[in-house]
Amino acid sequence: MSDASLVVAVARYNQDALAEIFRRHGGAVHALAKRVTRDAALAEEVTQELFVRLWNEPERYDSARGTLRTFLLMQTHRRSVDVIRSEEARKRREQTDAAQIAAASYDIDHEFGDLADREAIREALATLPEEERRAIQLAFYHGLTYREVAQRLEQPEGTVKTRIRSGLKRMNEALSTWKVVEP
(Lines give C-alpha, C1' and ligand atoms only; values in the text may rest on other atoms or scores of the structure.)
Protein backbone atom coordinates (compact mmCIF):
# COMPACT_ATOMS: atom_id res chain seq x y z
CA MET A 1 0.00 0.00 0.00
CA SER A 2 1.37 3.44 -0.92
CA ASP A 3 2.00 6.17 1.64
CA ALA A 4 -0.75 8.30 0.08
CA SER A 5 -3.22 5.41 0.46
CA LEU A 6 -2.16 4.98 4.07
CA VAL A 7 -2.83 8.66 4.77
CA VAL A 8 -6.29 8.29 3.22
CA ALA A 9 -6.85 5.31 5.55
CA VAL A 10 -5.65 7.41 8.51
CA ALA A 11 -8.28 10.00 7.56
CA ARG A 12 -10.82 7.19 8.01
CA TYR A 13 -9.44 6.53 11.52
CA ASN A 14 -7.61 3.36 10.55
CA GLN A 15 -5.10 2.82 13.35
CA ASP A 16 -3.27 0.08 11.45
CA ALA A 17 -2.53 2.59 8.69
CA LEU A 18 -1.01 5.00 11.19
CA ALA A 19 1.02 2.14 12.68
CA GLU A 20 2.34 1.29 9.22
CA ILE A 21 3.27 4.92 8.55
CA PHE A 22 5.05 5.00 11.90
CA ARG A 23 6.86 1.75 11.07
CA ARG A 24 8.00 3.18 7.74
CA HIS A 25 8.96 6.69 8.80
CA GLY A 26 9.05 6.82 12.61
CA GLY A 27 12.77 6.05 12.78
CA ALA A 28 13.71 8.82 10.35
CA VAL A 29 11.44 11.30 12.12
CA HIS A 30 12.90 10.46 15.52
CA ALA A 31 16.48 10.55 14.24
CA LEU A 32 16.00 13.99 12.70
CA ALA A 33 14.28 15.30 15.81
CA LYS A 34 17.10 13.95 17.98
CA ARG A 35 19.74 15.47 15.69
CA VAL A 36 18.06 18.90 15.77
CA THR A 37 17.10 18.99 19.47
CA ARG A 38 20.13 17.02 20.73
CA ASP A 39 17.86 15.61 23.41
CA ALA A 40 16.32 12.14 23.34
CA ALA A 41 13.31 13.13 25.47
CA LEU A 42 12.53 16.16 23.32
CA ALA A 43 12.96 14.05 20.19
CA GLU A 44 10.42 11.56 21.50
CA GLU A 45 8.06 14.42 22.29
CA VAL A 46 8.42 15.83 18.77
CA THR A 47 7.95 12.41 17.20
CA GLN A 48 4.81 11.74 19.20
CA GLU A 49 3.38 15.17 18.43
CA LEU A 50 4.02 14.72 14.75
CA PHE A 51 2.19 11.41 14.50
CA VAL A 52 -0.66 12.64 16.69
CA ARG A 53 -0.96 15.63 14.37
CA LEU A 54 -0.98 13.32 11.35
CA TRP A 55 -3.76 11.32 13.04
CA ASN A 56 -5.80 14.45 13.82
CA GLU A 57 -5.10 16.37 10.62
CA PRO A 58 -4.23 13.93 7.80
CA GLU A 59 -5.56 16.42 5.25
CA ARG A 60 -2.44 18.53 5.84
CA TYR A 61 -0.49 16.07 3.72
CA ASP A 62 -0.89 16.68 -0.03
CA SER A 63 0.65 13.88 -2.10
CA ALA A 64 0.86 16.23 -5.09
CA ARG A 65 3.41 18.36 -3.24
CA GLY A 66 5.84 15.56 -2.38
CA THR A 67 6.37 12.29 -0.60
CA LEU A 68 5.01 11.56 2.84
CA ARG A 69 8.56 11.12 4.15
CA THR A 70 9.53 14.60 2.93
CA PHE A 71 6.38 16.05 4.47
CA LEU A 72 7.03 14.33 7.80
CA LEU A 73 10.69 15.36 7.89
CA MET A 74 9.86 18.98 7.08
CA GLN A 75 7.27 18.99 9.87
CA THR A 76 9.79 17.35 12.20
CA HIS A 77 12.41 20.00 11.52
CA ARG A 78 9.95 22.84 12.06
CA ARG A 79 8.58 21.38 15.27
CA SER A 80 12.09 20.60 16.57
CA VAL A 81 13.17 24.19 16.00
CA ASP A 82 10.02 25.39 17.78
CA VAL A 83 10.78 23.11 20.71
CA ILE A 84 14.35 24.41 20.94
CA ARG A 85 13.12 28.00 20.91
CA SER A 86 10.54 27.18 23.55
CA GLU A 87 13.21 25.53 25.73
CA GLU A 88 15.48 28.57 25.41
CA ALA A 89 12.62 30.88 26.39
CA ARG A 90 11.82 28.64 29.36
CA LYS A 91 15.45 28.76 30.50
CA ARG A 92 15.47 32.56 30.26
CA ARG A 93 12.26 32.72 32.34
CA GLU A 94 13.78 30.40 34.93
CA GLN A 95 16.92 32.49 35.14
CA THR A 96 14.82 35.61 35.64
CA ASP A 97 12.74 33.88 38.32
CA ALA A 98 15.87 32.57 40.02
CA ALA A 99 17.42 36.04 40.01
CA GLN A 100 14.26 37.51 41.55
CA ILE A 101 14.11 34.80 44.19
CA ALA A 102 17.82 35.17 44.85
CA ALA A 103 17.32 38.92 45.29
CA ALA A 104 14.50 38.23 47.74
CA SER A 105 16.69 35.68 49.47
CA TYR A 106 19.50 38.22 49.59
CA ASP A 107 17.16 40.64 51.34
CA ILE A 108 16.39 38.02 53.97
CA ASP A 109 20.08 37.17 54.35
CA HIS A 110 21.05 40.81 54.46
CA GLU A 111 18.43 41.70 57.05
CA PHE A 112 19.50 38.95 59.37
CA GLY A 113 23.16 39.35 58.53
CA ASP A 114 22.85 42.80 60.11
CA LEU A 115 21.72 41.04 63.24
CA ALA A 116 24.79 38.79 62.89
CA ASP A 117 22.68 35.68 63.24
CA ARG A 118 22.50 33.41 60.24
CA GLU A 119 21.64 30.60 62.57
CA ALA A 120 18.03 31.80 62.48
CA ILE A 121 17.93 31.12 58.75
CA ARG A 122 19.26 27.62 59.26
CA GLU A 123 16.71 27.05 62.00
CA ALA A 124 13.91 28.38 59.82
CA LEU A 125 15.06 26.11 57.01
CA ALA A 126 15.13 23.17 59.42
CA THR A 127 11.47 23.74 60.33
CA LEU A 128 10.33 23.26 56.73
CA PRO A 129 8.89 19.98 55.51
CA GLU A 130 11.59 17.84 53.92
CA GLU A 131 10.25 18.36 50.38
CA GLU A 132 10.40 22.16 50.66
CA ARG A 133 13.75 22.20 52.47
CA ARG A 134 15.40 19.90 49.93
CA ALA A 135 14.08 21.92 46.96
CA ILE A 136 15.30 25.20 48.48
CA GLN A 137 18.71 23.75 49.32
CA LEU A 138 19.18 22.45 45.78
CA ALA A 139 18.05 25.73 44.22
CA PHE A 140 19.90 28.16 46.48
CA TYR A 141 22.83 26.29 47.94
CA HIS A 142 23.61 24.21 44.87
CA GLY A 143 22.51 26.75 42.23
CA LEU A 144 20.29 24.35 40.28
CA THR A 145 17.49 25.55 37.97
CA TYR A 146 13.88 24.57 38.64
CA ARG A 147 14.12 21.91 35.97
CA GLU A 148 17.34 20.50 37.41
CA VAL A 149 15.83 20.44 40.90
CA ALA A 150 12.75 18.69 39.49
CA GLN A 151 14.91 16.10 37.75
CA ARG A 152 17.04 15.55 40.85
CA LEU A 153 13.96 15.11 43.05
CA GLU A 154 12.06 13.20 40.34
CA GLN A 155 9.07 15.53 40.71
CA PRO A 156 7.16 17.76 38.27
CA GLU A 157 8.71 21.18 37.72
CA GLY A 158 5.53 22.96 38.81
CA THR A 159 5.54 21.09 42.09
CA VAL A 160 9.14 22.10 42.72
CA LYS A 161 8.36 25.77 42.02
CA THR A 162 5.40 25.64 44.38
CA ARG A 163 7.47 24.02 47.12
CA ILE A 164 10.25 26.58 46.81
CA ARG A 165 7.84 29.50 46.95
CA SER A 166 5.90 27.96 49.82
CA GLY A 167 9.11 27.20 51.71
CA LEU A 168 10.46 30.72 51.23
CA LYS A 169 7.17 32.12 52.48
CA ARG A 170 7.29 29.90 55.57
CA MET A 171 10.89 30.87 56.20
CA ASN A 172 10.00 34.52 55.89
CA GLU A 173 7.20 34.05 58.41
CA ALA A 174 9.44 32.09 60.76
CA LEU A 175 12.16 34.70 60.53
CA SER A 176 9.66 37.52 61.13
CA THR A 177 8.48 35.76 64.28
CA TRP A 178 12.05 35.23 65.39
CA LYS A 179 12.79 38.91 64.88
CA VAL A 180 9.84 39.93 67.09
CA VAL A 181 10.83 37.52 69.88
CA GLU A 182 14.42 38.74 70.05
CA PRO A 183 15.10 41.77 72.28
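1. The largest nonpolar core of this predicted model contains 19 residues. Among its members, I136, V149, I164 and M171 touch the most other members. Four helices each supply at least two residues of this core: α5 (119-126), α6 (130-141), α7 and α8 (157-181). Helix α8 gives the largest share, namely five residues.

2. Helix α7 spans residues 146-153, and Y146, V149 and A150 are buried within this helix. These three residues cover an arc of only 100° around the axis, which places them on the same side of α7. The face turned away from that buried side carries Q151 and R152, both exposed.

3. The backbone directly after α7 deserves a remark. E154, just after this helix, takes a positive phi of about 55°.

4. Three aromatic pairs are found in a search of the whole structure. One of them joins F22 and F51: the ring centres are 4.9 Å apart and the planes stand at 70°, so the pair is edge-to-face. The cut-off behind this assignment is an angle over 60 degrees between the planes. F22 belongs to helix α2 (residues 15-37) and F51 to helix α3, so the pair ties together parts that lie 29 residues apart in sequence.

5. F51, at 6% relative accessibility, counts as buried. The limits applied here are under 20% for buried and over 50% for exposed, with partly exposed in between.

6. The largest cavity holds about 50 Å³ of space. Its lining is formed by L50, R53, L54, E57, R60, F71, L72 and Q75. The elements that contribute two or more residues to this lining are α3 (40-56) and α4 (68-114). By class, four of the lining residues are nonpolar, one is polar and three are charged.

7. The second largest cavity has a volume of about 30 Å³. E49, L50, R53, Q75 and R79 line this cavity. Here too, α3 and α4 are the elements that give two or more residues to the lining. Helix α3 supplies the largest share, three residues. The lining of the second largest cavity comprises one nonpolar, one polar and three charged residues.

8. Which residues line both cavities? L50, R53 and Q75 are found in the lining of the largest cavity and also in that of the second largest cavity.

9. L72, one of the residues lining the largest cavity, is found in helix α4. At 1% relative accessibility, L72 counts as buried. The C-alpha atoms of L72 and T47 are 9.6 Å apart in space, while these two residues are 25 residues apart in sequence.

Note on methods
Residues are numbered from 1 along each chain as its sequence is written. This is a predicted model: local features need pLDDT of at least 70, side-chain atom pairs count only at pLDDT 80 or more; totals for chains, interfaces and linings use all residues. Side-chain values use heavy atoms; hydrogens and water are left out. On a 1 Å grid over the protein atoms alone, a cavity is a set of points where a 1.4 Å probe fits but cannot get out, and a pocket is an open set with protein on both sides within 12 Å along at least five of seven lines; lining residues have an atom within 4 Å of a point. Grid points are joined across faces, edges and corners, and a volume is the space filled by probe spheres set on the points. Ala, Val, Leu, Ile, Met, Phe, Trp, Tyr, Cys and Pro count as nonpolar, Asp, Glu, Lys and Arg as charged, and the others, Gly among them, as polar. Buried means under 20% relative accessible area, exposed over 50%, partly exposed in between (1.4 Å probe, protein chains only). The arc is that of the directions from the helix axis to the C-beta atoms. Rings of Phe, Tyr and Trp (its six-membered ring) pair if their centres lie within 6.5 Å; planes under 30 degrees apart count as stacked, over 60 as edge-to-face and the rest as tilted. A nonpolar core is a set of buried Ala, Val, Leu, Ile, Met, Phe, Trp, Tyr and Cys residues joined through side-chain atoms within 4.5 Å.
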